[in-house]
There are 2 protein chains.
Amino acid sequence: MGRTVTKTVKVTLAEVAAKAGVSKMTASRAFAQPGAVRAETRERVLAAAKRLGYVPDLIASAFSTKTTKVLGVVIPTLDVSTFSDTVRGISDASAKAGYDILIGQTKYDDETEDRVIQAFVGRRVDGLLMVASERQADMKAFFRERDLPVVQLWDIPKQPIDMVSGFLNRDAGKLAAKHVHAQGYSSAAVYHTDLYRDRQQADGFVWQAKKLGLAQVEKVLMPSLETHGRVSEFSAGHLVCKDILGRTNRPRAIYCTDDSMAFSTYFELIEAGLRVPEHIALCGFNNAEYGQYMRPQLTTIDVDGYAMGTKATEMILTRLSGEPPHSGTHKTQLKLICGQTT
Amino acid sequence: MGRTVTKTVKVTLAEVAAKAGVSKMTASRAFAQPGAVRAETRERVLAAAKRLGYVPDLIASAFSTKTTKVLGVVIPTLDVSTFSDTVRGISDASAKAGYDILIGQTKYDDETEDRVIQAFVGRRVDGLLMVASERQADMKAFFRERDLPVVQLWDIPKQPIDMVSGFLNRDAGKLAAKHVHAQGYSSAAVYHTDLYRDRQQADGFVWQAKKLGLAQVEKVLMPSLETHGRVSEFSAGHLVCKDILGRTNRPRAIYCTDDSMAFSTYFELIEAGLRVPEHIALCGFNNAEYGQYMRPQLTTIDVDGYAMGTKATEMILTRLSGEPPHSGTHKTQLKLICGQTT
DNA sequence: GATAATAATGGTACCGGTAACAAATTTGCT
DNA sequence: AGCAAATTTGTTACCGGTACCATTATTATC
């Protein structure tokens, strides 16, 4: 009983065509344009393909058609859950349309970002979805020359590269401030990181709070939260609490530019003997799931990251289909989720 | 005033070569094998490339070399944070080696899984990293034929397809049971979902608990936690608590096969007037960050998902480099993190 | 039944790199 | 200087699909 080593190294379309007794071209059409081939012929080709275990070479196809059916997703980091819903939205929407996605991290580093973008362009992605970074104007020409559709996410830049699916981070800060004011708190502080988006939120918060006449408003920049190469805003809670306790006149309400920061701050405050919201009110950002299941439920700002992702993908796909997109900018709605911490 | 449309459609290597006054081949080598070209020539080529804005076509390169420098990552879902550390590990390790990653979701559906794998194979990925699913034996031949390295993650299947970077889910359950026993609790229950990995953990937990002589051990399967297409184990807390309260003889300790379940259960229990761990001890799984920053700190089992990802990637890369891999299976260490909920 | 219109199929070239080998140039050595 | 060895550069073919156009088979029309 001889062992049959099936070295089916790789089956090409030519072999399928030969087996089916048709030309390569007809075999190709049987897959790509089923309507352009007689039903009987098509079935013969498909049967042959199945029998031989043919898997079309998408690289060769991409090489020939100049279309990869791949989208590139550029995000700062996979560390935090901030972007996970967005990526999920992109993935779902892409999959539905038969596209695959390449994901690359910039690590908040310009050089790395360039490298990732360069790589994706080199891989001939059909479109690029990237979380907006501060430096974008100079890329505009680069993408336009290549006729590569781009959507920027998580911000609405003043000078967008191309399309946008995001929101104004200043608006998030403003929304938080409005809520703090509406709840009747007369002083507040916003704790934020050095990230562009967070700084924008902090600015918006202060601007709005002052406009509404809050007696005292502060903006507190957290030091770098990097611990052995990882950034975790959870670790900020300790610092936030320490800062608050160290103040002579404590803010009555605080806004943290991320739920993870608000979350850890909450427990630090409780441990320090302060009550939330009786002594200090607390508002986070991004509607993390844990915040909604903790008790008291965390007040936060919901960003529909999933919709932001699907919308962005749809914009790309619409552009690729040749139709003119309805609008180059899609604004994601922000929603304040009032929990029990304010 | 005529509008000058700069249609720099695409610069090819041939154009760069012409500009530099060398052959295509020499230009190619200037990039791929810098040592094989005279320094002066190389610089001339690189200068020409830069001047023309040349971006190498990685599709053409892949087509020619039969090597894409892309790895495929197949995970059940991007919904939950379970796999995010692993993906991050894969991404980091891949990027370091100059590889890019395609990510696809199976949605815990066999057909979808097949489609994703088929697509990745069609895209000629150099390697495949996939979270182990229950059905794998039949794929073995498929991948071997194509000489495609595969690593399965998050489990150590009895009949692995190829390489493995994971752990025995039964071991996680056992570890939890040992801890529960060591803490002196004499009865326990494990709450788990219908997922294969969770069932394995539950089995391990019961097995070990019984072996250690716990008076009473129960296994409780949670109903499907799907809500408008999304699975969230956070929503299980309510059910877990209700189940516990409904019992005549409550388990003294409970193990949830995911931190999100343990987390929401904790708050439900507290709200129901039970104290943790005085009335009921609680142990989760997967060392989610929020669990470590909440107070009381959640007892959990740490899986080094990041290392699992980097290790898996290294196994693939080693295989691709031609060296024989040290071992086909890498076992990720499990570690019990004792918080204050047990 | 003959011709025109339409549908189905086939032939050829090409996408942009690189492998493999050949040719030319430089270097080392007596 | 002269020749072998080593280095550098060039030539050709090819990877596996698909676009484009030519050809053949089928159907419709009078």
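1. Residues are numbered from 1 along each chain as its sequence is written, and chains are lettered from A and ligands numbered from 1 in the order in which they are written. Because the model is predicted, local features need pLDDT of at least 70 and side-chain atom pairs count only at pLDDT 80 or more, whereas totals for chains, interfaces and linings use all residues.

2. Around DNA strand C there are 24 residues, of which Thr26(A), Thr41(A), Leu13(B), Ser28(B) and Ala60(B) come nearest (a residue is near a molecule or strand if its C-beta atom, placed from the backbone, lies within 6 Å of it). Two or more residues of this surface are given by each of helix 2 (24-32) and helix 4 (58-65) of chain A and helix 2 (24-32) and helix 4 (58-65) of chain B, and helix 4 of chain B has the largest share, 5 residues (helices, H or I with at least four residues, and strands, E with at least two, are DSSP runs numbered from the N terminus).

3. DNA strand D is surrounded by 25 residues, the closest being Leu13(A), Ser28(A), Ala60(A), Met25(B) and Thr41(B). Here the largest share, 5 residues, comes from helix 4 of chain A.

4. By class, the surface near DNA strand C has 11 nonpolar, 9 polar and 4 charged residues, and that near DNA strand D has 11 nonpolar, 9 polar and 5 charged (Ala, Val, Leu, Ile, Met, Phe, Trp, Tyr, Cys and Pro count as nonpolar, Asp, Glu, Lys and Arg as charged, and the others, Gly among them, as polar).

5. The contact between the chains takes 44 residues from chain A and 45 residues from chain B (two residues are in contact if their C-beta atoms, placed from the backbone, lie within 7 Å). On the side of chain A that touches chain B, strand 2 of chain A gives the largest share, 6 residues. This strand runs antiparallel to strand 2 (residues 100-105) of chain B, joined to it by 3 bridges (strands pair if DSSP finds at least two bridges between them), and Ile103(A) stands opposite Ile101(B).

6. Chain A also holds an open sheet of 4 strands in the order 7-6-10-11, with parallel pairing. Strand 7 (216-221) and strand 11 (281-283) of chain A are at the edges with a single partner strand each, so one side of each is left without a neighbour in the sheet. Strand 6 (residues 187-192) of chain A pairs with strand 7 of chain A over 6 bridges, and Ser187(A) has Gln216(A) as its bridge partner.
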